[in-house]
Amino acid sequence: MCLSTAYRGSAEDNNLLLSNVQRIECRSGQVILTDIMERQLAVEGRIVEADLINNRVIIAAGD
């Protein structure tokens, strides 16, 4: 299983959005993150980086 950690702007602890992300959807200007417990978080913005080797996703705030 490949899980990721999602951050806003850059991969720093204070920018953490959600850990153990199993699913990412993009709809209507939002990035919908779902973790392994099926908790969801909707973030206004777009994915700017998905580093699957290092298990991190960077999301830029909406314009």
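Biologist: Why is Cys2 called exposed?

Modeller: Its relative accessible area is 51%. Exposed means over 50%, buried means under 20%, and partly exposed lies in between, using a 1.4 Å probe and protein chains only. The value of 51% is over the limit, so Cys2 counts as exposed. Cys26, at 55%, is exposed as well.

Biologist: What kind of model is this, and how are residues numbered?

Modeller: It is a predicted model, in which local features need pLDDT of at least 70 and side-chain atom pairs count only at pLDDT 80 or more, while totals for chains, interfaces and linings use all residues. Residues are numbered from 1 along each chain as its sequence is written, and side-chain values use heavy atoms, leaving out hydrogens and water.

Biologist: How do you know whether Cys2 and Cys26 are bonded or too far apart?

Modeller: A disulfide is a pair of cysteine sulfur atoms within 2.5 Å. The sulfur of Cys2 is 17 Å from that of Cys26, its closest cysteine sulfur, so the pair is too far apart for a bond. Cys26 is in no disulfide, and the search of the whole structure finds 0.

Biologist: What makes Ala6 buried?

Modeller: Its relative accessibility is 1%. That is under the 20% limit, so Ala6 is buried. Ala6 sits in strand E1, residues 4-8. Strands (E, at least two residues) and helices (H or I, at least four) are DSSP runs numbered from the N terminus.

Biologist: Which residues does Ala6 touch, leaving out those up to four places away in sequence?

Modeller: Among them are Leu18, Val21, Leu33, Val57 and Ile59. Contact means heavy atoms within 4.5 Å.

Biologist: What makes a group of residues a nonpolar core?

Modeller: The residues must be buried Ala, Val, Leu, Ile, Met, Phe, Trp, Tyr or Cys, joined through side-chain atoms within 4.5 Å. The largest such core here has 8 residues: Ala6, Leu18, Val21, Val31, Leu33, Val43, Val57 and Ile59. Strands E2 (16-27), E3 and E5 (56-61) each give two or more residues to this core.

Biologist: What does the side chain of Asp35 reach?

Modeller: The backbone nitrogen of Met37, at 2.9 Å. A polar contact is a pair of N or O atoms within 3.5 Å; within protein, one must be able to donate a hydrogen and the other to accept it, and residues adjacent in sequence count only if both atoms are side-chain atoms. The distance of 2.9 Å is within that limit.
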